[in-house]
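Hello,

Here is the structure we talked about. Please open it and follow along with the notes below.

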Amino acid sequence: MEAARTHQKVPVPSNVRIGCLGPDGAVAHVIRTLRMISGRWKMPILFRLYADPTMRSSQLLRDIEGISQKMLTQHLRELAQEGLVDRRDFGKQPPRVEYRLTAMGYALMPVLLAARQFSEEHPD
């Protein structure tokens, strides 16, 4: 009986390999996107802001069960730094700050919704 082969080398032209695996290849871009949304609370924040376009942090804190103020603040800052969420400070006393998705955040939502649909169509 022949041993099973687990790997086969597929001859791929160098320019195709670079387009996929190079520093500007498809893999690098997907990894960058996944890093932007990695973190336990980033997806709930993004979906909540997608459902209700403008929210204060106190509303997010109430709506996202289990999140602490510290983690909410940290993830909102990271999402803002990535350009997915916009922080609007009204400069008033008492402080009033609102969060909303940016155009880039809205552009990401169809990808996340497609991932949701994929998961629903391919259960464990």
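Arg48 and Asp63 join their side chains in a salt bridge, at 2.8 Å from N to O. Arg48 sits in helix H3 (residues 42-51) and Asp63 in helix H4 (residues 57-63), so this pair ties together parts that are 15 residues apart in sequence. Keep in mind that the model is predicted.

Arg48 has another partner. Its side chain also meets that of Asp52 in a salt bridge (4.0 Å, N to O).

Asp52 is partly exposed at 28%. Asp63 is partly exposed too, at 38%.

Look next at Asp89 and Arg87. They form a salt bridge, with the closest N and O atoms 3.9 Å apart. Asp89 is partly exposed, at 47%. Arg87 is partly exposed, at 46%. In total, the structure holds seven salt bridges.

**Then Thr102**

Find Thr102 in the loop between strand E3 (97-101) and helix H6 (103-121). Is it buried or exposed? Thr102 has 18% relative accessibility, and buried means under 20%, so Thr102 counts as buried.

Which residues does Thr102 touch, leaving aside neighbours within four places in sequence? They are Gly83, Leu84, Val85 and Asp86. With Gly83, there is a polar detail: a polar atom of the Thr102 side chain lies 2.5 Å from the backbone oxygen of Gly83.

Best wishes

Notes: Residues are numbered from 1 along each chain as its sequence is written. This is a predicted model: local features need pLDDT of at least 70, side-chain atom pairs count only at pLDDT 80 or more; totals for chains, interfaces and linings use all residues. Side-chain values use heavy atoms; hydrogens and water are left out. Helices (H or I, at least four residues) and strands (E, at least two) are DSSP runs, numbered from the N terminus. Buried means under 20% relative accessible area, exposed over 50%, partly exposed in between (1.4 Å probe, protein chains only). A polar contact is a pair of N or O atoms within 3.5 Å; within protein, one must be able to donate a hydrogen and the other to accept it, and residues adjacent in sequence count only if both atoms are side-chain atoms. Contact means heavy atoms within 4.5 Å.
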